[in-house]
Amino acid sequence: MPPAGNLLQPLHRRAEGGRNRSRPQDPRRPGRQRRRRVLSAGRDSLRGLGGPGPGQLTEPQALGPRHKRVAELRRLVRRRSPGDARVVLEGARTLSEALAAGIKPALVVVSESAEQAPAARDALQRLDSGTEVLTLTERAFDSVAPAVSPQPVLALVARPTVELPGSLSPDDLVLVLAGVADPGNAGTIIRAAGACAARCVVLVGGADPWAPKTVRASAGSVLRVPVVQAADAPAVLEALQAAGATIVAADPHDGERHDSGVLAALQGPVALVLGSESHGLDPSLRELADYRVRIPMAGDTESLNVAMAATLLAFEYRRQS
C-alpha cells in the first residue's frame with residue numbers, strides 16, 4: 001500500500017517559480033488572468049444601423065478610453081477630411097438646431113457628466129429610433145472630441161448637399177467666398193448671411209464649411225443657411241448672372257464707396273464676391289464683376305478682415321435695398 005500522503009494532491013498545482021507565481025488562475029487559461037468581458041454594439045451600429053429608441057443608450061454603462069468603440073470614434077472624428085460624407089456637430093444646442101432643420105444624426109455621443117443635463121436630455125428625447133446613443137466617461141469623451149474644451153455632446157450627421165440656385169428672387173442676396181481659407185472667417189460670414197436672410201453662401205475652395213471650427217463660428221447658422229461648395233469660381237459667377245444676379249466684387253482699393261448708394265441703385269438679386277484673406281479677389285474674377293465696391297478706411301489700416309467686410313457689405317446692402 002502506498003504511503004497515505006501520496007493520495008492527497010493539491011487541487012491546482014502552483015508554479016514553481018517565475019512571473020506567474022501566486023497569480024489567480026483560470027481552469028481554462030492556466031497561469032493567466034481571466035479576461036474581462038466587454039459589451040459592444042458592433043461596428044455596423046457606428047454607421048447608424050439598428051440603433052436604439054429615442055433617448056436610449058446602446059451600451060449599459062459609460063465607455064472608457066480603451067473601449068474599441070471609443071477608438072473607432074476617435075479615428076472617425078479626429079481624422080476626418082473635408083470630403084467625408086459625415087460631419088461632426090458639437091453641443092446640445094447645435095444638435096437641437098439640426099433636429100429642427102430636419103437633419104437626423106446617425107450617432108450621438110454624450111459625456112457621462114452631461115447625460116442628465118436638461119439641454120442634453122431634451123435633445124436625446126427628440127431623437128428617433130434610427131439614432132444610436134453612446135455615453136462616454138470624461139477621459140474617453142475628451143480623447144474623442146475635436147476641441148480642446150469640448151461641449152459635452154457630439155453628433156454625427158450626413159453632410160448636406162446643396163445645389164446652386166437656378167433662379168433668384170428680386171431681393172435675394174448671395175455671398176460668394178473665393179478662397180476664404182480660415183474656418184473662423186467662413187463660419188462668421190455664414191452667420192452674418194443668416195442674419196441678413198441671404199439666399200445662400202457659395203464657398204469656392206478654401207475652408208470646409210462643415211469643419212468643427214467653421215460650424216462653431218457659424219453658431220449653428222450653417223444648419224439654416226444653404227451652403228454650396230463649388231470648385232470653379234468663374235463658372236459660379238456666370239451661373240449666378242444667368243439666374244439674374246448682379247455681381248458685386250469687394251475690392252479694398254478700387255470701386256465705389258460701399259455707402260455711396262451704389263448698392264441701392266442695383267435692380268434685382270445681388271451676389272457679393274469676396275476673396276481670400278491674404279490675396280483678396282483674383283483679378284480674373286474682378287473682371288467678371290458688374291460692379292466693384294470698397295470700404296474706405298479712415299485710419300492707417302489697409303483693409304478689414306474678410307469676415308468683417310462681408311458682414312458690413314451684406315448689412316449695407318440690406319439697409320439700402
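Mentor: Buried means under 20% relative accessible area, exposed means over 50%, and partly exposed is in between (1.4 Å probe, protein chains only). The model is a predicted one, where local features need pLDDT of at least 70 and side-chain atom pairs count only at pLDDT 80 or more, while totals for chains, interfaces and linings use all residues. Residues are numbered from 1 along each chain as its sequence is written, and side-chain values use heavy atoms, leaving out hydrogens and water.

Trainee: Why is Leu 304 called partly exposed?

Mentor: Leu 304 has 31% relative accessibility. That value falls between the 20% and 50% cut-offs, so Leu 304 counts as partly exposed. You'll find Leu 304 in the loop between strand E11 (291-294) and helix H9; helices (H or I, at least four residues) and strands (E, at least two) are DSSP runs, numbered from the N terminus.

Trainee: What makes a set of residues a nonpolar core?

Mentor: They're buried Ala, Val, Leu, Ile, Met, Phe, Trp, Tyr and Cys residues, joined through side-chain atoms within 4.5 Å. The largest here has 54 residues, and Leu 89, Val 108 and Val 201 have the most contacts inside it (contact: heavy atoms within 4.5 Å). H9 (residues 306-320) gives the most to this core, 7 residues.

Trainee: How do you know that this core lies between domain 1 and domain 2?

Mentor: Domain 1 (68-158) and domain 2 (173-319) both give residues to this core, so it lies between them. The domain bounds come from an automatic or database assignment. Apart from this core lies another, of 21 residues, including Val 176 and Leu 240.
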